[in-house]
Amino acid sequence: MHGRPRTAPKPEDSADSAAKAEKLRSLQSQFLSNHHNKIYTKEALEVNAKLLEINPEHYTAWNYRKLTVEHRLSESEPDPDSVKSILREELRVVESALKQNYKSYGAWHHRKWVLNKGHSSIDHEMGLLDRFQKVDPRNFHAWNYRRFVAALMNRSEVDELQYTTDMINTNFSNYSAWHNRSILLSNLLKTKVEGFFPKEKVLNEEYELVHQALFTDPDDQSGWFYHLWLLDQTVKADAPVLISSWPAHDSNLILSGDRCLDDCYLSAFNTFHSDSGKIPLILYFNQAVEGVNSSTISVESVFNTKGELSWKPLSTNNSETAQVWVTHLNYPEEKLHSSEAYPVEVRVGHSQGIISSSGFRYNQPSRFAFKVFVRSVEKDPAVHDGEMISWGDENFLLYEAPPQESNPLVSLDQLNIKDYHEQTSSMWRAETIANEIALFRELLSVISCKIGKLTLARLLVAHDTLLSPCAKKMVHSEEVIKLYSDLMKLDPPHFQYYKDEYSLVLLQQLTFSRESLLRYCFRHRDGASSFISNSICLRLNNLSLSRMGSIERLLWVQMLDLSHNELQSIEGLEAMQLLSCLNLSDNKLSSFTALGPLILLKSLKALDVSRNEIGLHSIDTTRYLCSSPLSHTEEIDWNRDEIVTGDVNLRNYWEAFLIFRGLHLTQLDIVGNAIADEKFKSFLVKIVPTLKWLDGGELH
């Protein structure tokens with residue numbers, strides 16, 4: 001642990017180990033017999049104590065002691081002195097066990113349990129902690145326990161912060177002290193304790209402290225992790241902010257109730273086709289929030305005549321907290337006139353109630369407005385919805401703005417709802433990050449340091465993000481991409497992390513301006529299918545992407561090609577509520593868990609997940625890598641013994657069932673996956689009755 005080499009056992013220690021093991025087996029046998037027979041005598045407790053002195057990690061033995069204490073306290077009404085005596089003995093046993101192993105989870109947890117009983121003096125605890133922290137100042141168990149004891153004692157967080165300063169000055173390489181400092185400072189800054197406001201002054205002092213550690217020993221990672229926390233505190237706004245919406249502010253949305261016979265006059269970016277008579281309204285915040293409802297969001301239009309709107313969090317783990325929220329406006333097409341513009345105004349946060357997951361309130365009321373035009377045209381009898389979409393390169397033409405459309409991407413320039421508040425704070429942030437960049441450029445000119453390169457990359461991204469509202473391009477994106485490329489070669493064990501960060505920066509670069517994004521916008525040659533008419537296909541294929549990002553800039557996308565990348569999950573796509581066509585072929589999706597966000601894409605009609613790795617791995621590791629309803633939800637509203645029909649049992653394909661059962665796909669491609677045998681295809685046909693095309697073949 002912490003770079004301390006293990007020492008190999010000496011041959012003469014073998015006899016002692018054998019004797020210890022024999023004693024341990026004997027004590028364990030006696031203890032388990034007592035536990036099984038619910039024997040809570042003094043003699044049984046002595047056996048248990050001897051066992052824990054040898055093996056403090058025996059969780060069952062600690063739980064037995066808890067049962068014994070509860071039993072002895074409930075036998076009769078013991079006097080206060082007896083209660084204190086019983087609990088004092090427990091503290092003695094714990095202390096004895098900690099001398100054997102002061103990193104024992106069970107021992108520290110048992111000590112907390114005893115103190116929570118409320119009959120023990122806590123005056124002794126700080127002295128005990130001082131002794132253990134002298135043995136190992138970085139022992140995180142002791143630091144966790146210290147926070148617990150400090151809270152019991154009502155000890156000032158300012159005093160505790162000074163203690164971390166003393167410990168850090170003694171040894172910069174004390175990761176636990178840095179970590180405890182970040183916890184204490186977070187609370188002090190949030191509550192604006194005297195001396196810890198304004199935030200800028202406090203963070204400047206913290207930067208000075210951590211610089212001493214980094215420049216004293218650049219190879220020690222403790223200070224680097226604290227610097228990352230400081231960077232997050234510097235860049236991240238405490239209060240939630242609305243950063244994007246669909247429709248965008250000041251945009252003109254054209255509703256197409258059916259496919260246009262002559263659609264050249266419609267804006268491809270602002271046209272939305274809907275068979276359901278509903279318009280999605282999407283709010284994208286900079287962090288997860290709760291409390292989005294008709295009380296905190298007001299919508300004024302002719303479309304919500306049926307009363308209050310119902311807002312839904314776009315969360316893949318069924319949480320009531322989400323970064324993206326959606327509702328739907330109903331439009332009665334028969335009552336609207338194509339010659340009129342119907343204004344919609346949305347006000348966010350004018351009534352309190354929107355709160356971030358970290359407890360900060362939405363305190364910057366926002367407003368955005370757009371106009372809706374309805375184009376009601378007759379359906380072309382020669383066209384039907386059964387036309388299959390082909391994703392081949394030959395079927396796409398680079399998008400060119402028609403002459404009468406002066407600015408086809410005007411809405412893209414307005415995706416971000418800009419915040420003009422706290423200008424002084426914003427200037428401080430930019431100046432601080434710029435100073436840090438200069439400092440670490442200087443450091444890296446002297447030494448070669450992987451974590452230094454990583455920190456510089458994070459600083460450059462933060463600087464570009466802070467300047468993005470007024471900048472015309474991502475100034476440092478090329479340098480950041482090179483840094484992550486170098487890190488992938490220098491540090492292979494963390495290759496995937498660097499690859500993900502590389503992908504996020506690349507997507508920021510591609511979507512930053514309308515000029516850069518326009519290079520990836522294409523029209524499909526055949527607009528026959530009603531759900532691709534008038535929509536642009538954003539082709540982000542063959543970019544080696546391993547992770548999706550910049551989704552707040554892509555809410556307008558209805559057709560998306562992500563084929564031939566290295567995606568292992570599609571987390572984030574749930575925000576793209578307009579998606580009707582999605583190509584995920586030739587990626588590294590290894591399970592249906594990775595496709596969890598599809599459940600929330602109710603407009604999806606065409607999906608291609610061919611040539612991935614679904615069904616190839618016996619263990620679904622994606623379950624532990626990404627948020628998904630398949631990995632976090634147990635309350636599934638279906639019968640596990642349900643049979644679809646014939647010999648197809650849901651137990652065999654329950655994950656696929658959860659993904660596809662609520663979708664209304666007309667086209668699905670799944671060929672080239674290990675799971676895609678004839679039996680599975682038969683299963684898909686039964687659970688997705690709307691399917692017309694499967695793996696390129698028309699269904700009858």
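**Strands, helices and loops in a predicted model**

Good morning. I begin with strand 1 and strand 4 (residues 278–290), which pair in the antiparallel sense over four bridges; pairing requires that DSSP finds at least two bridges between two strands. Leu 242 stands opposite Phe 285 in strand 4. Helices (H or I, at least four residues) and strands (E, at least two) are DSSP runs, numbered from the N terminus.

This is a predicted model, in which local features need pLDDT of at least 70 and side-chain atom pairs count only at pLDDT 80 or more, while totals for chains, interfaces and linings use all residues. Residues are numbered from 1 along each chain as its sequence is written, and side-chain values use heavy atoms, with hydrogens and water left out.

Strand 1 (residues 242–246) is largely enclosed by the rest of the structure, because four of its five residues are buried. Buried means under 20% relative accessible area, exposed over 50%, and partly exposed in between (1.4 Å probe, protein chains only). Pro 247 lies in the loop between strand 1 and strand 2 (252–256).

Pro 198 is found in the loop between helix 9 and helix 10.

Finally, I turn to Asn 154, in the loop between helix 7 (140–152) and helix 8 (157–170). Asn 154 is not a glycine, yet has a positive phi of about 55°. Its relative accessibility is 68%, so Asn 154 counts as exposed. Thank you.
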